[in-house]
Amino acid sequence: MYVYDEHDRQMAAERVAQFRDQTERALAGELAEDEFLPLRLQNGLYVQRLAPMLRICVPYGMMRSDQLRRLARITRDYDKGYAHFTTRQNVQLNWPALEDVPDILAELAEVEMHANQTSGNCIRNTTTDQFSGVQSDEIADPRPYCEIIRQWSTFHPEFAFLPRKFKVAVNASEHTDRAAIQVHDIGLQMVRNEAGELGFRVHVGGGLGRTPMVGPVIREFLPEMDLLTYLEAVLRVYNRYGRRDNKFKARIKILVKALTPEGFAEKVEAEWQHIKDSPTRLTPEAVQRIQAYFTEPDYAALDNATDLLASQRFENRGFDQWLTHNVDTHKKPGYAIVTLTMKKTGTPPGDVSDKQLEQIADLADEFSFGEVRVTHQQNVVLADVRQDRLLELWQAITPMGFGTANLNTLTDVICCPGGDYCALANAKSIPVAEAIQRQFDDLDYLYDLGNIDLNISGCMNACGHHHVGHIGVLGVDKKGQEFYQISLGGSSHHDASIGKILGPSFARDEMPQVISKIIDVYVDKRTEEETFLDTYRRVGIDPFKERVYA
Amino acid sequence: MPNVISPDGSIRQDNWVVMPRPAEGESLDIPADQPALIPADLWLAGYEHFTGRQDIGVWFDSHDEPEILDGRVNELPVIAVNFPKFSDGRGYSIGRLLRERFGYVNELRAIGDVLLDQLQFMKRCGFDAYVLRADKDITKAQKCLNFFSQGYQAATDTEIPLFRRRAS
């Protein structure tokens with residue numbers, strides 16, 4: 001994992017001092033509310049429905065155990081003893097006091113954390129696949145490139161006041177896309193060209209929100225060393241020509257659409273020609289220096305524990321289910337990737353208490369070289385667990401509530417904080433997630449249904465990524481009443497697509513039954529091998545409409 | 001007379017006046033006794049008349065294209081860029097283009113909704129004169145220009161990004 005050097009430490013400390021000064025000037029009335037707004041947003045601070053909300057950055061989802069313990073302490077000392085994992089691999093506190101935020105940021109800086117650019121019209125946290133570096137089918141470890149982008153984008157003087165927020169995601173796996181890159185402002189897919197050289201396929205202009213779009217490819221192959229100069233060209237074109245007259249048309253996707261992807265690509269190429277050989281061009285030494293932070297941990301030389309696991313599975317059905325669903329194949333023999341699910345029914349998806357944060361830290365130290373990864377599905381990954389210790393781990397996490405073996409099933413819901421916390425929301429989202437989780441409480445049935453992404457957002461801003469859920473739920477306001485609109489057929493993976501709206505919306509108490517009817521149609525229509533998405537794509541939306549609105 | 005802040009935070013006064021764009025059909029009234037900044041396209045339109053004059057500079061609005069002055073920037077003693085609203089970040093790109101692409105070496109002035117917390121970005125993007133919005137406390141400019149001792153990226157002020165400085 002990346003470790004700060006004296007430059008990073010110095011700038012982090014300077015940033016805290018700056019925000020302390022800005023907060024003092026705001027509290028003294030020297031900064032108008034609208035003048036302080038972008039400053040506090042770029043330090044992660046929202047003012048929400050019930051209290052301020054602080055979004056803490058977890059760069060590309062990576063955290064160490066000491067950082068988790070510090071977060072736990074901060075939630076106790078400055079908040080109500082819990083935190084929330086977000087859909088962009090970050091962590092949120094829901095109740096900090098405005099005047100405490102500089103102190104919180106200072107405490108974070110001590111453990112090499114920050115809240116820089118987690119909000120506001122700037123370049124946000126770069127996200128990636130939570131299995132980076134431990135899966136066997138990746139082109140290269142994407143995390144060094146995420147860190148290179150993090151450093152380049154941090155306090156970038158030209159791009160601090162973009163037309164709108166800007167999100168970059170990187171994916172390196174050839175066969176899966178856990179980072180949802182095609183619904184980001186820039187999605188970078190690592191590839192090798194015919195000569196075997198490393199580079200990126202560049203998607204620009206994907207996104208969710210009011211105008212969901214799958215990002216078109218604007219460059220098939222960008223050589224590795226050209227990463228930053230090309231990003232700078234894209235951002236400069238966007239900064240200069242992105243719309244600023246209408247907040248809802250200000251994302252880069254609107255510009256890409258207006259110019260056409262080809263037209264946009266031409267503008268970027270023209271800009272890039274001027275700067276591609278500038279000192280911002282990466283060097284092999286610079287890349288290697290960052291890569292050196294992401295070397296393999298001290299793995300033991302092991303064989304796969306196939307026989308041991310087989311007998312443990314045989315003796316314990318719960319362990320067997322968990323192993324099948326929440327444990328993934330590791331590139332090293334004898335190791336496994338474990339996902340701790342934060343989706344226990346009755347707990348808001350992604351919420352963790354201070355105690356649970358400390359438990360996760362202890363688990364990381366005990367089982368996974370002291371590191372964890374936060375996923376955009378709001379779960380936590382222990383990436384390097386010895387196979388011969390999986391049973392021990394499973395026994396430890398079950399009472400903690402992290403062992404629900406529902407990963408990637410219908411009840412592994414992605415859900416925004418919704419109307420319970422968020423000032424923007426039209427409707428609550430957490431109670432809908434809970435009602436659906438209660439309706440589908442039979443694990444065997446969930447396994448039979450297979451992989452279903454159910455994504456819930458409380459408003460058009462789409463923090464719960466509803467457009468790309470196989471089943472998407474969107475909270476809408478109808479004359480002051482909370483209603484929910486359903487869309488089907490979305491996907492955030494390599495086959496990215498935007499879901500289609502099923503029809504008129506439903507009241508909250510109807511939702512579990514409506515989801516049941518949708519599931520029934522799938523069960524009736526599917527062929528043996530088909531997932532929910534396969535069936536939907538084959539039969540279309542009509543059979544679902546007929547059943548639900550019958 | 002505007003107070004003008006320099007990159008080191010020191011304050012001086014000068015008497016450059018910003019001439020607004022004249023309404024349709026009106027002509028530009030350039031003061032006889034005072035140096036003036038005029039819209040860049042009008043300077044170009046009256047190029048024969050204006051070039052070489054040390055008392056005439058130009059200003060760009062945030063949606064203007066600095067490309068129109070390519071090759072001629074150094075004929076101007078002052079170029080100003082207007083920030084119509086502090087949250088409009090287009091001026092930062094204009095600043096960098098003027099300096100880094102077109103090689104402009106004379107004064108680059110930030111005008112308009114120029115606030116304390118944006119000075120640091122302006123400085124890094126090549127601005128070397130800042131006319132702070134009148135209601136802001138100019139004595140705090142120096143502090144606000146100097147919160148950071150360095151940056152990660154290359155920009156106008158630092159040609160070499162940190163990743164190359166680390167390597168050397």
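How many residues does the contact take from chain A and from chain B? It takes 49 residues from chain A and 43 residues from chain B. Contact here means heavy atoms within 4.5 Å.

## Basis of the model

This is a predicted model: local features need pLDDT of at least 70, side-chain atom pairs count only at pLDDT 80 or more, and totals for chains, interfaces and linings use all residues. Residues are numbered from 1 along each chain as its sequence is written, chains are lettered from A and ligands numbered from 1 in the order in which they are written, and side-chain values use heavy atoms, with hydrogens and water left out.

## The interface of chain A and chain B

About 4000 Å² is buried between chain A and chain B. Buried area is the accessible area (1.4 Å probe) that two parts lose on being put together, summed over both. Carbon and sulfur atoms give 52% of it. P157(A), F161(A) and R240(A) supply 19% of the area that chain A buries against chain B, more than any other three residues.

Polar contacts link 31 residue pairs between chain A and chain B, both residues at pLDDT 80 or more. A polar contact is a pair of N or O atoms within 3.5 Å; within protein, one must be able to donate a hydrogen and the other to accept it, and residues adjacent in sequence count only if both atoms are side-chain atoms. Helices 1 (6–27), 2 (33–41), 5 (143–153), 6, 8 (261–275) and 9 (284–291) of chain A each give two or more residues to the side that touches chain B. Helix 1 of chain A gives the most, with eleven residues. Helices (H or I, at least four residues) and strands (E, at least two) are DSSP runs, numbered from the N terminus.

By class, this side of chain A has 18 nonpolar, 13 polar and 18 charged residues. Ala, Val, Leu, Ile, Met, Phe, Trp, Tyr, Cys and Pro count as nonpolar, Asp, Glu, Lys and Arg as charged, and the others, Gly among them, as polar.

## Salt bridges

The structure holds 65 salt bridges over all chains. A salt bridge is a side-chain nitrogen of Lys or Arg within 4 Å of a carboxyl oxygen of Asp or Glu. Across the interface of chain A and chain B there are 14. One of them joins R240(A) to E65(B), at 3.9 Å from N to O.

E271(A) also forms a salt bridge with R101(B), with the closest N and O atoms 2.6 Å apart. This pair crosses from helix 8 of chain A to helix 3 (residues 90–101) of chain B.

## The five-stranded sheet

Chain A has an open sheet of five strands in the order 6-7-8-9-10, with mixed pairing. Strand 6 (127–128) and strand 10 (217–223) stand at the edges, each with a single partner strand, so one side of each has no neighbour in the sheet. Two strands pair if DSSP finds at least two bridges between them.

Strand 9 (residues 198–204) and strand 10 of chain A run antiparallel, joined by four bridges. There, H203(A) stands opposite V217(A). Helix 6 (residues 227–241) of chain A lies across strand 8 (186–192), strand 9 and strand 10, and runs at about 155° to strand 10. Axes are lines fitted to C-alpha atoms, for helices over the stretch in contact, and angles run from 0 to 180 degrees between N-to-C directions.

## Strand 19 and its partners

Strand 18 (residues 471–478) and strand 19 (residues 481–488) of chain A are antiparallel over eight bridges. V476(A) faces F483(A) across this pair. The two strands form a hairpin with two residues between them, and K479(A) in the turn has a positive phi of about 50°.

Strand 19 of chain A also pairs antiparallel with strand 21 (residues 506–507), over two bridges. Y484(A) stands opposite F506(A) there. Two bridges join strand 19 to strand 20 (residues 500–501) of chain A, again antiparallel. L488(A) has K500(A) as its bridge partner in strand 20.
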